[in-house]
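Biologist: I would like to learn how to read a protein model with care, one feature at a time. Could you take me through this one?

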Amino acid sequence: MGKIAYTFTSESVSEGHPDKLCDQISDAVVDACLMGDPESHVACETLATTNYVVIAGEIATRAKVDYAQLARNVIKRIGYDKKGIGFSVDEATIDVRVHTQSPDINRGVTHATDNGAEQGAGDQGLMFGYACDETPALMPAPIFYAHRIVEKMAELRHNGKADFLRPDAKSQVSIAYSEEGKPLEVTDLVVAHQHDAGTLEKVRAFVREVVPQVIPANLLQDFDLKGENCHINSCGDFVTGGPDGDCGLTGRKIIVDTYGGMGRHGGGAFSGKDPSKVDRSASYMARYAAKNIVAAGLAKRCEIQVAYSIGVARPLNYFVNTFGTGIVEEAALREMLASGKIFDFRPRAISEQLNLKVPGKGWRYEQAASYGHFGRDGFPWEKTDKIAVLRAFFGK
């Protein structure tokens, strides 16, 4: 065990968390619109509270979408199918308040001000992408393992091996790092899981069984799952949960969605937005670029920032930070990004390079809306297909 330099903590939430429920409904809308009309423009927000859901926003699409049924499909899939617990698929009222996109926004998106033949950014803003070599997925260890805990518990709940669990859950993992930035050990663990009445001790025993299945043994070798640093439903019973326990809203889990606080965030949420919204698409592209830079061995850690103006196709600025781990100068990496030769950050080019307008061919936005948008196989922005190109570009 090396010398501990610092400890970092990240959290995750399950698919049944009220905010994540809303993210998944909003992204189910995005999927339905794009699969029916790839040129759809979607900005969909969802609110959920006790047996009540509101779907609102601005949507321009030729697709025929039954918003209320989409919401019920998501609610049922997650597992809110028991009556009398405050929120269920059969008891919830679905209120749809959707109208068309502003023509002012649409004008800037369809015809960029810097090139009328280009697609402009759907809004101003700054976006970040991040990657590091701490895990095989090139994600920071705390958020990666926090996701895996709640994801594994949901898997077991769905297959009937933990039928005493209800859908709402949260996890939090603290990991100690060496001076070189290497993960050393788990120092603290927090899990809270909604459950049926009278099953609290079953939940605690269940969590202690799950954690070693998803966190590597070397990180747990000195951690006592029955000790004072392992907090499982530390407040006691967690029976009232989901939208009945807390109101849910789209876009409130942006750090859970990204890097758990390890990488910076520009502030824009992902879910409910079609790829013309650079809050989403440019964040995906920045992750794609950063991940390939790390996968190519050009840096052990890489963070990329890109900035846009509404209606303008070309980014205003690029920033690259490799935290002293790079074998290529940051200025050279920045120039590579700005050239557009390997990663083109114009909005239309992002959608084309990552096929962001065609969910349903092996992946969906709804799937990304729980357990992190990054660090899981199957999404086009997680590919590492630019390794050889990057090495050749920099002569490595």
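**Strands, helices, a core and cysteines**

Modeller: Let us begin with a pair of strands: β5 and strand β10 (residues 301-308) pair in the antiparallel sense over eight bridges. Helices (H or I, at least four residues) and strands (E, at least two) are DSSP runs, numbered from the N terminus, and two strands pair if DSSP finds at least two bridges between them. This is a predicted model, in which local features need pLDDT of at least 70 and side-chain atom pairs count only at pLDDT 80 or more, while totals for chains, interfaces and linings use all residues. Residues are numbered from 1 along each chain as its sequence is written, and side-chain values use heavy atoms, with hydrogens and water left out.

Biologist: What holds strands in a sheet, and which residue in β10 is the bridge partner of methionine 127?

Modeller: Strands of a sheet pair through backbone hydrogen bonds, either parallel or antiparallel. Here the bridge partner of methionine 127 is valine 306 in β10, and phenylalanine 128 stands opposite glutamine 305 in that strand.

Biologist: What is the order of the strands in this open sheet of three?

Modeller: The order is β5-β10-β11, with antiparallel pairing. Because β5 and β11 (317-321) stand at the edges, each with a single partner strand, one side of each is left without a neighbour in the sheet. The twist averages 15° from one strand to the next, where axes are lines fitted to C-alpha atoms, for helices over the stretch in contact, and angles run from 0 to 180 degrees between N-to-C directions.

Biologist: How many of the eight residues of strand β5 are buried?

Modeller: Strand β5 (residues 125-132) is mostly covered, with six of its eight residues buried; buried means under 20% relative accessible area, exposed over 50%, and partly exposed in between (1.4 Å probe, protein chains only). Helix α9 (residues 278-295) lies across β5 and β10, running at about 30° to β5, and helix α10 (residues 330-339) lies across β10 and β11, at about 145° to β11.

Biologist: Which residues touch the most other members of the largest nonpolar core?

Modeller: In soluble globular proteins, nonpolar side chains tend to be buried together. A nonpolar core is a set of buried Ala, Val, Leu, Ile, Met, Phe, Trp, Tyr and Cys residues joined through side-chain atoms within 4.5 Å, and of the 110 residues in the largest one, Phe343, Phe345 and Trp381 touch the most other members. Taking contact as heavy atoms within 4.5 Å, phenylalanine 343 touches residues including Met285, Tyr288, Ala289 and Leu390.

Biologist: How many disulfides does a search of the whole structure find?

Modeller: A disulfide is a covalent bond between the sulfur atoms of two cysteines. The search finds zero disulfides, the cut-off being a pair of cysteine sulfur atoms within 2.5 Å. For cysteine 230, the nearest cysteine sulfur, that of cysteine 235, is 16 Å away, while the sulfur of cysteine 247 is 7.0 Å from the closest one, in cysteine 22, which is too far for a bond.

Definitions and conventions: Lists of a residue's contacts leave out its neighbours within four places in sequence.
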